[in-house]
Amino acid sequence: MRRGDHASPDSLSLRDWAAKTNGATGFFHDVESSVALHDLAHGTSLGGRLPELAGRSVLIATGDQLTAALALIELDGVARRLILCPPDLAAEHLRSVIADAEVDAVVTSGQTDACGELGVRLHVVCHPAIAPMAGRPDAHRQTEWVMFTSGTTGAPKMVQHSVAGLTAAIKRNAVHDEPVVWGTFYDIRRYGGLQIFFRALIDGGSFVLSNAKEAPRDYLVRLGRHGATHVSGTPSHWRRALMCPSARAMAPRYVRLSGEIADQAVLDALRAAYPQARVGHAYASTEAGVGFEVNDGLAGFPASMLGGLPSGVDMKVVDGSLRIRSLRTAERYVGGAAAALADEDGFVDTGDVVELRDGRYFFVGRTNGVINVGGLKVHPEEVEAVINRHPGVRMSLVHSRRNPITGALVVADVVLHDERTPGKSLEQEIIALCREDLSRHKVPAAIRFVPALAVAATGKLARRHA
Amino acid sequence: MTTKLTIMAEMQKIAGEQAKTLAALSDDLVLLDSGLDSLCFAVLVARLEDKLGLDPFTASEDVAFPVTLRDFVQVYDHAAR
């Protein structure tokens, strides 16, 4: 598999990329501080303790994203393994994570932690203030990057990537007319956010990091203030952003969606809100890596994408679910009882169910999220896509309600664009729309109008069976 | 509205929504002959739970399966007591 201009693996470490920025661009902005990546050429965020971390398996467990980003840049090629701890990792899982990933050092942003108690003695604090440093260890290792899958039930699964695989979808030496300023609603310790981290670094542009302590509307204002040109998020992130009056505070040139199904309604809403922007959706998962990008403004993807893309990504549909083979997929699951990540031919089963209609594949849901109505299957997402087409609807969550006759029924929680009182007629319009397009058992038996829907830390709608 | 009237009103509404022809509602009407199928009854039980605050079929395991409309109404009347 050759990847043309996606040369890999790079001989450059991430710090080399950072050092290539010229000081005029290449800023990472957090709420309170900004860092010029160029300063990392002769400086460190780790207080001179980088040599102690050489060859170790390092858990990156900072409170904020900026220090995590700096630590990742400095430790790539130096540490044996980097484990990107998402902010919502439950404390009860830490012990098994540390054991399974053979963690022998922890980087934090200074918060008190129980690492000593958990048997990890080496604790290094990362600061956004860059201090001068001489005598840096060689960054010659092929560092293993370990990430957590975005599933929300049970113990989190860890998957191992390489920088070559993680950055294989990113064009090198892309020419931009104007400096690129990236932003993402994702946390960079999630696959979708980490992609933007790498893009910002390799583009030599700047990056406006989101912060868990900042309200979405304030982040939108900050994106506007820094002149964000390329902004990414899940469809749920974007629907929430479009509900903020400050959505117009920014004027990106590129709007990117990933991580959930991008339905036609959200694509159209973004095109209307940002008429100057190219709106594209990408398919990616922590296990399968970046599959492909769709830039024709339509939901789904052309069936012609199956059977091998010039990018070296090979896709097929087996038993309704999308399978992907490429150099971008994760290498393996980390941990004792971990199963094989790919089948014997190297294909990863994404668990995302697709349906062919008029030469185009549409995502209809997850293999494990099916609602069973009297023996008939319903993917919540296919019903949501229809509900979301109603002009009054911002977003919806379809879920199962137990029923003594059919075992389960489909019901929907719906968020409207504005706060007008939802009337009976609106409910009937939505139901009528569903009846037009869906089989009877897929039509919601009840609709509840709610002010908001919970979005999980992964940026995806919180589903009970996700 | 009595439980019986509530049930009959919902049956008529659901028949309309689901494009089913509902038989004339009488106490002796056999539910299987009512024109409503199991999905309609599933929706009916869910709506009645919202309206009346109870689902007798889930609440108790020894509910005799109703055969006629009269049986069906009695299940709700018993459960409400």
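Which residue is the bridge partner of A:Leu59 in β6(A)? It is A:Val106. Before I go on: this is a predicted model.

Let's stay with strand β6 of chain A, residues 105-108. Strand β4, residues 57-60 of chain A, pairs with β6(A). The sense is parallel, over three bridges. The A:Leu59 to A:Val106 pair belongs here. Now turn to strand β7, residues 123-125 of chain A. β7(A) also runs parallel to β6(A), and three bridges join them. There, A:Thr108 has A:Val125 as its bridge partner.

What about the side chains of β6(A)? A:Ala105 and A:Val107 point one way. A:Val106 and A:Thr108 point the other way. Buried or exposed, these four? All are buried.

Next, an open sheet in chain A. Five strands, in the order β17-β22-β21-β19-β18, with antiparallel pairing. At the edges stand β17, residues 301-302, and β18, residues 314-318. Each has a single partner strand, so one side of each is left without a neighbour in the sheet.

Look inside that sheet. Strand β19, residues 321-325, pairs with strand β21, residues 348-357, both of chain A. This pairing is antiparallel, over three bridges. One contributor is A:Arg323, whose bridge partner in β21(A) is A:Asp349.

Now A:Thr350, also in strand β21 of chain A. Why does A:Thr350 count as buried? Because it has 22 C-beta neighbours inside 10 Å, and the cut-off is 20 or more. Which residues does A:Thr350 touch, leaving aside neighbours within four places in sequence? A:Ser321, A:Leu322, A:Arg323 and A:Ile324 are among them. For a sense of distance, take A:Thr421, 71 residues from A:Thr350 along the chain. Their C-alpha atoms are separated by 40 Å.

Last stop, chain B. Helix α4 covers residues 69-80, 12 residues. At 1.5 Å a residue, α4(B) should span 16 Å. The end C-alpha atoms are 17 Å apart, which agrees.

Which residues of α4(B) are buried? B:Leu69, B:Phe72 and B:Tyr76. Seen down the axis of α4(B), the buried residues fall within an arc of 70°, so they line one face of the helix. The general rule: an α-helix has 3.6 residues a turn, so residues three or four places apart point the same way.

And what covers the buried residues of α4(B)? The cover includes three helices of chain B: α1 (3-17), α2 (38-52) and α3 (56-59).

That's my tour. Questions, please.

Note on methods: Residues are numbered from 1 along each chain as its sequence is written. Chains are lettered from A and ligands numbered from 1 in the order in which they are written. This is a predicted model: local features need pLDDT of at least 70, side-chain atom pairs count only at pLDDT 80 or more; totals for chains, interfaces and linings use all residues. Two strands pair if DSSP finds at least two bridges between them. Helices (H or I, at least four residues) and strands (E, at least two) are DSSP runs, numbered from the N terminus. A residue is buried if 20 or more other C-beta atoms lie within 10 Å of its own, exposed if 12 or fewer, and partly exposed in between; C-beta atoms are placed from the backbone. Two residues are in contact if their C-beta atoms, placed from the backbone, lie within 7 Å. The expected span of a helix is 1.5 Å times one less than its number of residues. The arc is that of the directions from the helix axis to the C-beta atoms.
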